[in-house]
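I opened my notebook to look through this structure one piece at a time. Here is what I looked up, in the order I went.

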Amino acid sequence: MANLSFWGGLVVFVYCYVPSCDLEAITSVLGCRDPWPMRSKPEAMSDLWSGLTQAFWLLVTLDADLVEISLRSLRVTLTALLIASAIALPFAAFLSVRRFRLRRITIAVLNALMGLPPVVVGLVVYVFLSRSGPFGVFGLLFTPTAMIIAQVIIIVPLIASIAHQSLRELWGDYHDLLISMNTTQFQRIQALLWDGRRALLTAALAGFGRAIGEVGAIMIVGGNIDHATRVLTTAIALETGKGEFALALALGFILIALAVTVNLLIHRLSHTESEGRW
Amino acid sequence: MQMFPLEAKQAVVRRQGKVLVGPIDLTLQGQGVTIVIGPNGAGKTTLLKMLHGIARMNAGSLTWACPKDEAQKRQGFVFQAPVMMRRTVIENIAYPLRLIGVTMAEARQRAQDWAERVGLGHTVKQQATMLSGGERQKLALARALIRNPDVLFLDEPCASLDGRATREIEEILTTAAADGTRLIMSTHNMGQAQRLADEVIFVLHGRIHEFTPASQFFAGAETKQGRAFLRGDIVE
């Protein structure tokens, strides 16, 4: 057993760190099937190019399916982001101003949960929402709501952790002043959230980035059902599986464009770069 | 309700096993300007913070003539490096009023009034973090005075300011003192101490070395170290 994991580890190491290493050589030695038989490099380049052109035409013609899944992507992720921020930001502020016994552990756990594997979150949410699970009666499995729940769980630790980093610093600045002014705990949290809003925006955007590009969890709890729970990322996974690389790439480019646009829009609306020094 | 006398008994502040201040026995009466002087690291800042109640005491007691929460509401503190909240100047000055439930409109109006009194009238819409050193101190003063505190603690409010800014701040302080605000202030500037002080606390090694009326102190301090400090010698 130990021997096997050693050789497996070695193959992974060689593949990851030796750039000129040929995957086919390794897989043929191990007797695995090459996942991409018969495909050569020039063809991959033409996939990229036709992906770009296809993305262009999909956008220009406002393809109905594309618009539908893009809007669903946005709706699911933005809802998840709102809910997650409403939980994570006050919690981060609370962690900054309040000293309690389990505080350090809470922060450490929060940081660790930033790397929560989405597939596992999806699985757990699936178990909870499935017919036989504790929340089965609500019939939420394979609905956008289930996807929102999964995404909230994934991004709350991320947003809270990043927000806490910056709020802790801000609290360091404000500590003496706010204590001297005889503020209540609630007023301190309020002041931190308001004055730290630009840093909090960054935290929220990081959460947005993770949620919009996430596929593992929403694939499991959403099921990638056409016209019901299909979003950009699950569509990309599906098209790639079908071998429709150009379409998958087109959707991929649109996803990236969407993420960038939302980021720019939020920055624009909040004047992040134009005012003050933060 | 009467706040004074403020009485400290055997008060000690320790940090990491090191005594920063104390033990201190001190009784402050309700009038005038008290100036705290002493070399760097003597414990002036800690002493002020302790009297204000934001430095935790490890031993001893501190009692006001009125209940503690009442006393806390009627004090202000100006820090050596003033904390600028990341808001506009007017929002900074109005903040203490907002905390005690004054409406936005009224708080802003009173803040505007105070901004003009301290000479920040033209900057009210700026971000406070963009102000210069002197302007920051003035903002901190206005913010501390806007609640009409009975006692104002100031920790070297004019450190690293030039003569003009210092004079402007001293004018604000003199007016506040004339209006009945009790000032307790530390400084490094002997001229400033002479101009403002009614009584002087000379702090050395975390202890009160001398506590005398200003005229007496500046005419000739009682202790050798006090006289050396007045002459401008280095006191250790």
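**Entry 1: two helices in chain B**

I began with helix H3 (residues 89–99) and helix H4 (residues 104–117) of chain B: their axes come within 8 Å and cross at roughly 125°. That angle makes H3(B) oblique to H4(B). I keep in mind that this is a predicted model. I also looked up the handedness, and H3(B) passes H4(B) in a right-handed crossing.

Next, which residues in H3(B) meet H4(B)? I found B:Ile90, B:Glu91, B:Ile93, B:Ala94, B:Leu97 and B:Arg98 on the H3(B) side. On the H4(B) side, the residues include B:Met104, B:Ala107, B:Arg108, B:Trp114 and B:Ala115. Sorted by class, this contact has nine nonpolar, one polar and four charged residues.

**Entry 2: the sheet in chain B**

I then traced an open sheet of six strands in chain B, with the order S5-S6-S7-S3-S8-S9 and mixed pairing. Strand S5 (75–78) and strand S9 (207–213) stand at the edges, each with a single partner strand, so one side of each has no neighbour in the sheet. From one strand to the next, the twist averages 15°.

I looked at one pair inside the sheet: strand S6 (residues 151–155) and strand S7 (residues 182–186) of chain B pair in the parallel sense over five bridges. Here B:Leu152 stands opposite B:Leu183 in S7(B).

**Entry 3: strand S3 of chain B**

Is strand S3 (residues 33–37) of chain B enclosed or open? Five of its five residues are buried, so the strand is largely enclosed by the rest of the structure. I noted which way they point: B:Val33, B:Ile35 and B:Ile37 go one way, B:Thr34 and B:Val36 go the other way, and all are buried.

Four bridges join S3(B) to S7(B), and the two run parallel. In that pair, B:Ile35 stands opposite B:Met185 in S7(B). Four bridges also join S3(B) to strand S8 (residues 199–204) of chain B, again running parallel. B:Thr34 has B:Glu199 as its bridge partner in S8(B).

**Entry 4: one residue in chain A**

Last, I moved to A:Ser130, which lies in the loop between helix H6 (118–129) and helix H7 (144–180) of chain A. Is A:Ser130 buried or exposed? Its relative accessibility is 13%, so A:Ser130 counts as buried; the cut-off for buried is under 20%. Leaving out residues up to four places away in sequence, I found that A:Ser130 touches A:Gly136 and A:Leu141.

Definitions and conventions. Residues numbered from 1 in each chain as written. Chains lettered and ligands numbered in written order. Predicted model: local features only at pLDDT ≥ 70, side-chain atom pairs only at ≥ 80, totals over all residues. Heavy atoms only, no water. Axes fitted to C-alpha atoms, helices over the stretch in contact; angles between N-to-C directions. Parallel < 35°, antiparallel > 145°, perpendicular 65-115°, else oblique. Left-handed = near helix turned anticlockwise from the far one by under 90°. Contact = heavy atoms within 4.5 Å. Nonpolar A, V, L, I, M, F, W, Y, C, P; charged D, E, K, R; others polar. Buried < 20%, exposed > 50% of the residue type's maximum accessible area, 1.4 Å probe, protein only. Pairing = 2+ DSSP bridges.
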